Amino acid sequence: MTTPIKPPPKKDPQIPTRPPQLPPMARSRAALAMSAAAAAGQFALQTCRDCGTVCYPPRDGCPKCLSTQLAFAPVAAGGELIAETTVQASTDLYFRERLPWRVGTVALDCGPSVMAHLHADLTTPSRVTMAMKLDKGGNAVLFALPEKATAHMEDDPQYRELNASPKHRRVLVTDGRGAVGQAVVKALLEADAATVFVGIADPWKPFAGESDLAADPRIEVMALDVTDTTSVKELAGEIGGKTDILVNTADHVRPGGILSRTDIVTSRDEFEVNVFGLQRLAQAFGPLMRARGADGVNSAVAFVDVLPIHALCNWQDFGAHSASAAARLSVLQCLRGEMRAGGVRVLSIFTGPVDDDWRQTVEPPKVAPVAIARAVVAALQGGIEDSTVGDIAKDVLEKWLDNPKVLEREQQA
Amino acid sequence: MTLRPAASRQGYDKVVVAVPVSVPYKRYAIEPAHWWVAEALRALVAGAGIEATDLDGLSVSSFTLAPDTAVGLTQHFGLSPRWLDSIPMGGASAVIALRRAARAVQAGDACLIACIGADTNHVDSFRRLLSSFSRFAQDASYPYGYGGPNASFALLTDYYMRRHGAQREDFGKLCVAQRENALTYPHAIFKKPLTLEEYLEARPISDPIRLFDCVMPVAGAEAFLVMTEDVAKDLGLAHARVLSAIERHNAYPDDPVQMRGGWALDIDELWGMAGLSPDRIDLLETYDDYPVIVTMQFEDLGFCKKGEGPDFIRSHTFTNDGSFPNNTNGGQLSAGQAGAAGGYLGMVEAIRQITGQSLSKQVVGARRALVSGFGMVNFDRGLCSGAAVLEGVVP
């Protein structure tokens, strides 16, 4: 079993915060495709379309048949750990600060032998289950885990580097007025978050669930209006230095496309929250989080955004809202690159239509707030960059990957 | 279509090596690789009693010439060779440079070829070399703890120990013996004896590898000349005949961990061509980036069976005055690793030993040597291997 990590002591303000370092970043283009699979939480390796050989490290021609038709595909995740070493000296700054570091050779059931990070509960030789994870630099790495779960296995320090676990961390949920925000708060606390700050715009206005938030000592309700730059900056001034995870649950949604409205007033409201609100949060909290990417047990780890799957492709019934979602996705892509310098992950939770008052006329299936909350926690615990929630989101993603132009037509009336 | 069997390889009749040159190593040098090449060329020319313009062939191995290649060196040093080679094969460089130069001489493409391994070592050279070594290392090895070759060979060592029951003491014995040999070699970077206890207790680098399992990166150069026996006689040079030579790349790619090098594929041809059996060798120069690789060479070159390496180690002294002299000037583990010149260290030492010009303690009656090379950890294993059997002729 792994020794459970203890809650960190209160930070000593006299000790300088360690500037974050990143693991080796350079990758070939073929290897980046592995990162794309890991971003979606898949275990996929390059497989030859002509002869079926699984190739590793990623390459540009098959070592068995010289085919150039190599594509990443899901493969069996089992293997045998056959050799190990504990690295005690390294010239790389990231690993130097984290030594000793344990790695091993795993003979995969699907063919190749790989070098992998090892979970502390593994012994050599033994059967392992492989996972593909994004490291702090956003690149895929292979991680060998015990075949059967062990106690507190998520607390292994090498494993924790590859996820964004909320355990012992302080989280800001930006909009707690709605059902989604409140479900996320609850799920984070169940996942051992130390504190959840809950943003509420116009806190003097009463709302359903208010008393539950007030009753829990681990929850701190904070005034936060993402459409107001001053409000966002003030909150960042207060808690930005101790926000380890930010979950943006704010979303302003109204039905209607472009021609079904006569002006841009509603669209502007949507953009104020969904696009500019996100930018305000990023600009106020991002630099503070990025500077604390290696700050011990409760280092800053993730900036999470819950956004509609229709960011990928416009849905005519909610066409203007989709437009704001598309802009929101683009903001996230930029932010992901910018936050990487601190090793802070930007996680996207793509949801189908949420089951709420504004989507009352939308046919099911619709997404329950609690499902979104589960997805947020799963993305954090797994370090998964892109997650989908609900059948609609999965369906749209699959169609988009298959042919975005066909999807565009399907999404139109 | 079935290919007809490959024609049997021709011998290296009448091809010899001469003028072994070692430019004394320095831990760190401010001079670039070009300076070390220049020193080697100067010593070759002086040793052969020729003019630099008499050299009509050049083979260079270096990791630190950038932005230059072997081409730039011709203009740099005023050479006009009609045969030019660049061998980027690390520890296998010397054997492969020799093999190819020998063929050129045999075919008349050149008559006097300078083979040079040279590298500088600035304070940050090792770190820089690692960071740009290979695409597979970049994609699939460095992101895992960035232990460099130490970690890759630690995995090989761990696997070998589990599989064949080797003990740290066995590898220690090799390192201690090489140090003893190094103490007789004036250019060795290590000048103090090494005890088994010091070896076992040394600073851990990447388990089970500790400090004295690892080579010390240094700056230096090694070189020799390849020519026909007639030319060597005309110049009055002590020389050694090339009895046989092999090279192989990426052998046994499906072994889950490297347990054998390419030697094992070509060993029959190596000994057959030389017309010798392994017991006729007076000394062995193995490529010793790590002692597990030395052990692997004992097995793959035919001195014992696979897995018998530990017993073989326990039954010999490996010293110049004992049984089975190995790495007679201390090898890279004690003399230092001068980048690609590390691949040349054993070759140059062997030429000296079997032509009566030894700088290290002379192995009594040494006439025949086997020199082995191994190089380029592209990802998880060394890809290049080679070996050559030499026989000394003293005029």
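This is a predicted model: local features need pLDDT of at least 70, side-chain atom pairs count only at pLDDT 80 or more; totals for chains, interfaces and linings use all residues.
Local features need pLDDT of at least 70 and side-chain atom pairs count only at pLDDT 80 or more, while totals for chains, interfaces and linings use all residues. Residues are numbered from 1 along each chain as its sequence is written, chains are lettered from A in the order in which they are written, and side-chain values use heavy atoms, without hydrogens and water.

Student: How many aromatic pairs are there over all chains?
Tutor: Let's start with the rule: rings of Phe, Tyr and Trp (its six-membered ring) pair if their centres lie within 6.5 Å. Planes under 30 degrees apart count as stacked, over 60 as edge-to-face and the rest as tilted. Over all chains, the count is 22.

Student: What kind of pair do F298(B) and F312(B) form?
Tutor: Their ring centres are 5.1 Å apart and their planes stand at 55°, so the pair is tilted.

Student: Is F318(B) buried or exposed?
Tutor: Buried means under 20% relative accessible area and exposed over 50%, with partly exposed in between (1.4 Å probe, protein chains only). F318(B) has a relative accessible area of 1%, so the word is buried.

Student: Which ring does the charged end of R103(B) sit over?
Tutor: A charge sits over a ring if NZ of Lys or CZ of Arg is within 6 Å of the ring centre and within 35 degrees of the ring normal. For R103(B), the distance to the centre is 3.8 Å, and the ring is that of Y12(B).
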